[in-house]
Amino acid sequence: MNISTMTGLEIMQAFAAGHFPAPSITKTIPMQMSSIELNRVVFIATANETHLNPMGGVHGGFAATVLDSVTGCATHTALGAGEGYGTIELSVKMCRPIPKHKALIAEGRVINKSRSLVISEGDIKDEEGNLYAHATATCMIIQPKV
């Protein structure tokens with residue numbers, strides 16, 4: 001597989017199929033791809049004792065990292081071959097405390113794409129549909145060097 005000739009969607013599908021090693025962030029923040037399609041990704045993420053703040057609750061950085069991941073990966077699915085991206089803005093709203101040891105559903109969706117920017121949104125919910133956190137993100141499209 002030549003990653004430089006693959007679209008963003010093809011790259012994300014290759015990760016999901018295990019053709020590329022999982023990004024190292026998935027060791028720090030346990031999350032795995034559940035669904036990948038054009039402009040949309042779904043991950044399953046589970047917080048544990050390594051994600052706690054000094055008060056014993058799950059640190060807000062857990063939700064922020066998961067939401068940055070799903071909004072970024074949704075953005076990645078919309079890119080052409082050779083294009084990259086970088087998050088330039090991430091706004092996260094915490095709605096309720098993230099529980100430990102509970103698999104949560106994190107979804108990212110592209111809501112607008114222009115020549116230079118992609119705007120996406122994401123949320124973290126449980127199986128009952130309860131919202132734990134929501135985010136919007138703006139990513140800059142990085143064109144390949146010619």
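Reader: What makes Asp123 count as buried or exposed?
Author: Asp123 has 9% relative accessibility, and because buried means under 20% relative accessible area, exposed over 50% and partly exposed in between (1.4 Å probe, protein chains only), Asp123 counts as buried. This is a predicted model in which local features need pLDDT of at least 70 and side-chain atom pairs count only at pLDDT 80 or more, while totals for chains, interfaces and linings use all residues. Residues are numbered from 1 along each chain as its sequence is written, and side-chain values use heavy atoms, with hydrogens and water left out.

Reader: How do you know that Asp123 forms a salt bridge with Arg109?
Author: The closest N and O atoms of Asp123 and Arg109 are 3.0 Å apart, and a salt bridge asks for a side-chain nitrogen of Lys or Arg within 4 Å of a carboxyl oxygen of Asp or Glu, so the pair qualifies. Asp123 lies in strand 5 and Arg109 in strand 4, so the bridge ties together parts that are 14 residues apart in sequence. Arg109, at 19% relative accessibility, counts as buried too. Helices (H or I, at least four residues) and strands (E, at least two) are DSSP runs numbered from the N terminus.

Reader: Which residues is Asp123 in contact with, leaving aside its neighbours within four places in sequence?
Author: With contact taken as heavy atoms within 4.5 Å, the partners of Asp123 include Leu67, Ile105, Glu107, Arg109, Leu131 and His134.

Reader: Which residues are linked with Asp123 in a network of salt bridges?
Author: The network links Glu37, Arg40, Glu107, Arg109, Glu121 and Asp123, and the structure holds seven salt bridges. One of them joins the side chains of Glu37 and Arg40 at 3.3 Å, N to O. Glu37 has a relative accessible area of 38% and Arg40 one of 24%, and both are therefore called partly exposed.

Reader: Why is Thr77 called buried?
Author: Thr77, which lies in helix 3, has a relative accessible area of 2% and is therefore called buried. Not counting residues up to four places away in sequence, Thr77 touches residues including Gly8, Leu9, Met12, Ile36, Leu38 and Val41. A polar contact is a pair of N or O atoms within 3.5 Å; within protein, one must be able to donate a hydrogen and the other to accept it, and residues adjacent in sequence count only if both atoms are side-chain atoms. The side chain of Thr77 reaches the backbone nitrogen of Asn39 at 2.7 Å, and a polar atom of that side chain lies 2.6 Å from the backbone oxygen of Ala74.

Reader: What makes the phi of Asn39 worth a remark?
Author: Phi of Asn39 is near 70°, a positive value in a residue other than glycine. Asn39 is found in the loop between strand 1 and strand 2 (40-45), and at 30% relative accessibility Asn39 counts as partly exposed. His101 likewise has a positive phi, of about 60°, although it is not a glycine, and with a relative accessible area of 52% His101 is exposed.

Reader: How many disulfides does the structure hold?
Author: The structure holds zero disulfides. The cysteine sulfur nearest to that of Cys73 belongs to Cys139 and is 9.9 Å away, and because a disulfide is a pair of cysteine sulfur atoms within 2.5 Å, Cys73 is in none. Cys73 counts as buried, at 14% relative accessibility.

Reader: Which residues make the nonpolar surface patch of about 340 Å²?
Author: Ile88, Leu117, Met140 and Ile142 make the patch. Patch residues have over 30% relative accessible area and no salt bridge, with like charges joined within 9 Å and nonpolar side chains (Val, Leu, Ile, Met, Phe, Trp, Tyr) within 5 Å.

Key. Areas by Shrake-Rupley, 256 points an atom, 1.4 Å probe, with all protein chains shown as cover.
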